[in-house]
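The sequence and the structure come first, and the description follows.

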Amino acid sequence: METTDRFRAAVEKRDLTALEDLFTEDVRFYSPVKFTPFEGRPMVLGLFGVLLRTFEDFRYIGRFDGTAETSTDGGETPSEILLFRAAVAGREVHGIDLLQYDESGRIKEFTVMVRPQSALRTLSEAVLAGLVADGLVPDPA
């Protein structure tokens with residue numbers, strides 16, 4: 001899917017502006033560390049700004065496509081999985097990005113899964129600090 005290629009190129013170039021028109025206005029981002037999704041294009045783009053600063057040596061290493069049921073409405077939509085490797089504060093991270101599309105080809109749901117747990121904990125702390133620093137979420141302290 002063309003959107004996936006554009007998404008992958010934008011992430012690999014760390015080009016936040018190139019991501020803007022790839023998401024629906026009401027996109028939902030399901031994080032591995034938060035039960036409720038991040039919702040809406042402005043919040044998701046803010047989150048991506050933090051992620052692009054947080055990941056080190058980020059690279060996609062594989063791709064699978066098919067269909068999957070969405071969390072939003074239970075409908076089956078075109079979907080793709082991108083496998084990635086990266087580091088966060090020196091910890092190696094393995095993960096997948098699940099991209100689910102609307103009828104126009106924009107990303108309407110985005111789910112991330114990460115392993116191992118130690119890397120997830122480090123990633124969670126770094127992302128929370130970035131979200132607080134950027135004023136996207138209140139400081140929990």
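A residue is called buried when its relative accessible area is under 20%, exposed when it is over 50%, and partly exposed in between (1.4 Å probe, protein chains only). Helices (H or I, at least four residues) and strands (E, at least two) are DSSP runs, numbered from the N terminus.

The model is predicted: local features need pLDDT of at least 70, side-chain atom pairs count only at pLDDT 80 or more, and totals for chains, interfaces and linings use all residues. Residues are numbered from 1 along each chain as its sequence is written, and side-chain values use heavy atoms, with hydrogens and water left out. The predictor's confidence in each residue, pLDDT, goes from 0 to 100. Its mean for the protein chain is 93, and 99% of the residues reach 70 or more.

In H3, the buried residues are Arg41, Val44, Leu45, Gly46, Leu47, Phe48, Gly49, Val50, Leu51, Leu52 and Thr54. With eleven of its 14 residues buried, H3 is largely enclosed by the rest of the structure.

The buried residues of H4 are Ala119, Leu120, Thr122, Leu123, Val127, Gly130 and Leu131. They lie on the same side of H4, because they cover an arc of only 165° around the axis; the arc is taken from the directions from the helix axis to the C-beta atoms. Exposed residues Gln117, Glu125 and Ala133 are on the face turned away from that buried side. Among the elements that cover the buried residues of H4 are E2 (38-39), H3 and E4.

The table compares the end-to-end C-alpha distance with the expected span, which is 1.5 Å times one less than the number of residues.

| Helix | Residues | C-alpha span | Expected span |
|---|---|---|---|
| H4 | 17 residues | 24 Å | 24 Å |

**Sheet and core**

Six strands form an open sheet in the order E2-E1-E6-E5-E4-E3, with mixed pairing. Two strands pair if DSSP finds at least two bridges between them. E1 and E6 run parallel and are joined by four bridges; Phe29 has Phe110 in E6 as its bridge partner.

A nonpolar core is a set of buried Ala, Val, Leu, Ile, Met, Phe, Trp, Tyr and Cys residues joined through side-chain atoms within 4.5 Å. The largest one has 35 residues, and Phe23, Phe29, Phe48 and Phe110 are among those with the most contacts inside it. H3 gives the most to this core, with seven residues.

Key. Contact = heavy atoms within 4.5 Å.
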